[in-house]
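Colleague: I would be grateful for a close look at the aromatic pairs of this structure. Please describe their geometry, their surroundings and their place in the chain.

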Amino acid sequence: MVDMSADSHRFRSAPEDDGWLPLYEGKMVQAFDHRAADVVVNENNLFRPARQRRLQNPEKASPDRQPQWRHYVKVDARLVLA
């Protein structure tokens, strides 16, 4: 689990090398659905730039469809909470 405010210095908008993983945000998932939504960023929205965009059923049905991530984080054992 990653704290979006305390750990934000660890985030990147693209992976820089090996060992970077996409970061799922809570707005991207729902109970029993890990492909509920993408994150869409509107830089003009000062207070809440990242919003969810719910995926439609045809998008979910495609096995090649990848989520649109906002951040990547370096794999680091210190970020994993036991």
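Modeller: The model is a predicted one. It contains 2 aromatic pairs. Tyr24 and Trp69 make up an edge-to-face pair, with 6.0 Å from centre to centre and 80° between the planes. This pair joins distant parts of the chain, its members being 45 residues apart. Tyr24 lies in the loop between strand 2 (20-22) and strand 3 (37-41), whereas Trp69 belongs to the loop between helix 1 (57-61) and strand 5 (72-74).

Trp69 also pairs with Tyr72: the ring centres are 6.3 Å apart and the planes stand at 65°, so this pair is edge-to-face because the angle is over 60 degrees. Through these ring pairs, Tyr24, Trp69 and Tyr72 are linked into a cluster.

As to accessibility, Tyr24 has a relative value of 38% and therefore counts as partly exposed. Trp69, at 22%, is likewise partly exposed. Tyr72 has 18% relative accessibility and so counts as buried, the cut-off being under 20%.

Of its 82 residues, 26% count as buried. Among the contacts with a separation of 6 or more, 55% come from residues 24 or more positions apart. The accessible surface of the chain is about 6300 Å², and carbon and sulfur atoms contribute 54% of that area. Along the principal axes, the C-alpha atoms fill a box of roughly 35 × 30 × 25 Å.

Methods. Residues numbered from 1 in each chain as written. Predicted model: local features only at pLDDT ≥ 70, side-chain atom pairs only at ≥ 80, totals over all residues. Heavy atoms only, no water. Phe/Tyr/Trp six-rings, centres within 6.5 Å; stacked < 30°, edge-to-face > 60°. Helix = DSSP H or I, 4+ residues; strand = E, 2+ residues; numbered from the N terminus. Buried < 20%, exposed > 50% of the residue type's maximum accessible area, 1.4 Å probe, protein only. Contact = heavy atoms within 4.5 Å. Areas by Shrake-Rupley, 256 points an atom, 1.4 Å probe, with all protein chains shown as cover.
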